[in-house]
Amino acid sequence: MTGYARGGGCACKIPPGELEAMVAGLLPPPIPGQTPSAAPAPSSGQAPTPGQALGGDEDRLLVGLDDGDDAAVVRTGDGTAVVSTADFFTPVVDDARDWGRIAAANALSDVYAMGGRPLVGLNLLGWPRDVLPAELAGEVLAGALDVARAAGCLVGGGHSIDSPEPLYGMAVTGLVDPDRLLRNDAGRPGVPLTLTKPLGVGILNNRHKRTGEVFAHAVAVMAALNDKASAAALEAGAVCATDVTGFGLLGHLHKLARASRVTAVVDAAAVPVLDGARESLRAGYVSGGTRRNLDWVRPHLDAGRAGEDQLQLLADAQTSGGLLVAGEIPGHPVIGELVPAVAGTTLVIR
């Protein structure tokens, strides 16, 4: 499967700097007296929201395009809010059913990253029907259905096209308490940072694509839901979170720190890493997406004594990664903290 795609998983995202330039003109005009933030891009690929881009009823839009959060959130007027997101990508593994499981977990993660509960997903499928058999596409859809059922999320059809390379993902709608949102702009100094899944899947996926080696532990991590981590974050009183996907830990943490107007300090030694990822990195299995992630954050990064290998690992383009929570979550490692903003620096490695 991976041989039919140029990229793989969330590493095939449009680079964050290019994406921000694309959407810069879609942001609403700044409010007089406020300092506008840099034009952030959607981290999960959701479309620009009509309220933001076209000047509609913006009071109901609780989370939109402004800070590139994980999903759009719209107040319904009955004390609840709707979470809406979409995510799709090219094959990240060669097993079709596993790819479906991973892609579904990844799409659902955006709802969990906002503190929400997914209700229904719609399949988004692109298939090179003259190259790959329809039975394989059926396996992708079946894998996704397995994960959606485990999440208690209905799957109600979707959309498909004949495309040059295989693509799969979901558009997901969920519900969230508008008073208990997890946002990427709500971080405050003095709060610890928790990461709920280890890094390294991007490196191992790149090795899988180039060698055919299968890393079952990486597949298990990618296919795992972030539902329990989201519930634990809410139980702990957290108000700020994001999930770690194609822009890597450093990229998503930069976006969180920038939106929250703080600086994030990362204890590199405390960051969990999948078995085999460091060795694979030293062997050269680094994706172009990871290198672009690191290039994007370098101007805002105080790397301290961290070497290039360590930085590439922290910038590794994840697929269906864990939640990055501003708060301490039992059972998961604290990897750093938020501190008062340092001029020109959103990220510090120690």
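I began with S320, which lies in the loop between α11 and β11 (323-326). I note that this is a predicted model. The phi of S320 is near 50 degrees, a positive value in a residue other than glycine. I looked up the general rule: most residues other than glycine have a negative phi. Is S320 buried or exposed? Its relative accessibility is 1%, so S320 counts as buried.

Next I went to R261, in the loop between α8 (248-260) and β9 (262-266). R261 is not a glycine, and its phi is positive too, near 60 degrees. I then checked its accessibility. R261 counts as exposed because its relative accessibility is 52%, and the cut-off for exposed is over 50%.

I turned to helix α5, residues 201-211. Which of its residues are buried? I found V201, G202, I203, L204, N205, N206 and H208. Just after α5 comes G212, with a positive phi of about 85 degrees.

Then I picked L347, in strand β13 (residues 347-349). L347 has 0% relative accessibility, so it counts as buried. I listed what L347 touches, leaving out residues up to four places away in sequence. Among them are L250, L253 and H254, as well as T263 and A264. L347 also touches V297, H300, L301 and D302. I looked at A303 as well: its C-alpha atom is 7.9 Å from that of L347, although the two residues are 44 places apart along the chain.

Last, I looked for aromatic pairs. How many are there? I count 2 aromatic pairs. One is W99 with Y168: the ring centres are 6.4 Å apart and the planes are at 80 degrees, so this pair is edge-to-face. W99 lies in helix α3 (residues 96-113) and Y168 in strand β6 (residues 167-176), so the pair ties together parts 69 residues apart in sequence. W99 is buried, at 0% relative accessible area. Y168 is buried, also with a value of 0%.

F247 and W296 form a tilted pair, with 6.1 Å from centre to centre and 55 degrees between the planes. F247 sits in the loop between β8 (241-243) and α8, while W296 is in helix α10 (residues 288-297). They are 49 residues apart, and the pair links distant parts of the chain. I checked burial here as well: both F247 and W296 are buried.

How values were computed:
Residues are numbered from 1 along each chain as its sequence is written. This is a predicted model: local features need pLDDT of at least 70, side-chain atom pairs count only at pLDDT 80 or more; totals for chains, interfaces and linings use all residues. Side-chain values use heavy atoms; hydrogens and water are left out. Buried means under 20% relative accessible area, exposed over 50%, partly exposed in between (1.4 Å probe, protein chains only). Helices (H or I, at least four residues) and strands (E, at least two) are DSSP runs, numbered from the N terminus. Contact means heavy atoms within 4.5 Å. Rings of Phe, Tyr and Trp (its six-membered ring) pair if their centres lie within 6.5 Å; planes under 30 degrees apart count as stacked, over 60 as edge-to-face and the rest as tilted.
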